[in-house]
Amino acid sequence: MRHGKKINHLGRTASHRKAMLSNMASSLILHKRLSTTVAKAKALRKYVEPLLTKSKNDTTHSRRTVFAYLQNKESIKELFDEVAAKIAGRPGGYTRILKTGYRLGDNAEMCVIELVDYNEDMLSASASASTGAKKTRRRSSGKKKDEASSPETKAAATDANDEAKDAE
């Protein structure tokens, strides 16, 4: 039975899993997106989101705490200088997992994990949708009935019929 065992061991020893998640987190911070399996992405999300939260408070203690996890000076600099400024207003949910299909060799489910505030395509699409794009209607049957029964549309239809008769 596996009662209360929440951690996914990913088929690795503890030291191997820790090193792998540290390397993946550093790569995610430096490159802003990473292609991997869904299981590794879910484990990475639980690993990196607390580090992103810790980076909002730029103190020596928080830098040292995050460095204990990442062991990479370049990713620490990138995290505290650029990423922390961009995620400062976000209360959580810094990463997004987008499933991409199955790997050819072993049929493992693949995905892309990315930092939410760095996907420019989705940011521009959401901005244009919220600035003035008209919302789509879920049910269109009500509007068609109203147009047909309104007196203005009936009058316009009879005028069009009269003009057609005069033309003949």
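How are α2 and α3 oriented relative to each other? In this predicted model, the axes of helix α2, residues 38-55, and helix α3, residues 60-70, come within 10 Å and cross at roughly 160 degrees. Angles over 145 degrees count as roughly antiparallel, and α2 and α3 are therefore roughly antiparallel to each other. The crossing of these two helices, α2 and α3, is left-handed.

The residues that form this contact can be named individually. From α2 come Y47, L51 and K54, and from α3 come S62, T65, V66, Y69 and L70. By class, the residues of the contact of α2 with α3 comprise five nonpolar, two polar and one charged.

Two packed helices are described by the angle between their axes and the distance between the axes. For α1 and α2, the angle is about 80 degrees and the axes lie 10 Å apart. An angle from 65 to 115 degrees counts as roughly perpendicular, so α1 is roughly perpendicular to α2.

On the α1 side of this contact stand K18, M20, L21, S22, M24, A25, L28 and I29, which meet K40, A43, L44, Y47 and V48 in α2. The residues of the contact of α1 with α2 divide into 10 nonpolar, one polar and two charged. Y47 of α2 takes part in the contact with α1 and also in the contact with α3.

The largest pocket can be considered next. The space in the largest pocket amounts to about 230 Å³, and its lining consists of K6, I7, N8, R17, L21, A39, K42, A43, K46 and Y47. The elements that supply two or more residues to this lining are α1, residues 14-31, and α2. Of the contributions to the lining, that of α2 is the most, with five residues. Sorted by class, the lining of the largest pocket holds five nonpolar residues, one polar residue and four charged residues.

Key:
Residues are numbered from 1 along each chain as its sequence is written. This is a predicted model: local features need pLDDT of at least 70, side-chain atom pairs count only at pLDDT 80 or more; totals for chains, interfaces and linings use all residues. Side-chain values use heavy atoms; hydrogens and water are left out. Axes are lines fitted to C-alpha atoms, for helices over the stretch in contact, and angles run from 0 to 180 degrees between N-to-C directions. Helices (H or I, at least four residues) and strands (E, at least two) are DSSP runs, numbered from the N terminus. Angles under 35 degrees count as roughly parallel, over 145 as roughly antiparallel, 65 to 115 as roughly perpendicular and the rest as oblique. A crossing is left-handed if the near helix is turned anticlockwise from the far one by less than a right angle, and right-handed if clockwise. Contact means heavy atoms within 4.5 Å. Ala, Val, Leu, Ile, Met, Phe, Trp, Tyr, Cys and Pro count as nonpolar, Asp, Glu, Lys and Arg as charged, and the others, Gly among them, as polar. On a 1 Å grid over the protein atoms alone, a cavity is a set of points where a 1.4 Å probe fits but cannot get out, and a pocket is an open set with protein on both sides within 12 Å along at least five of seven lines; lining residues have an atom within 4 Å of a point. Grid points are joined across faces, edges and corners, and a volume is the space filled by probe spheres set on the points.
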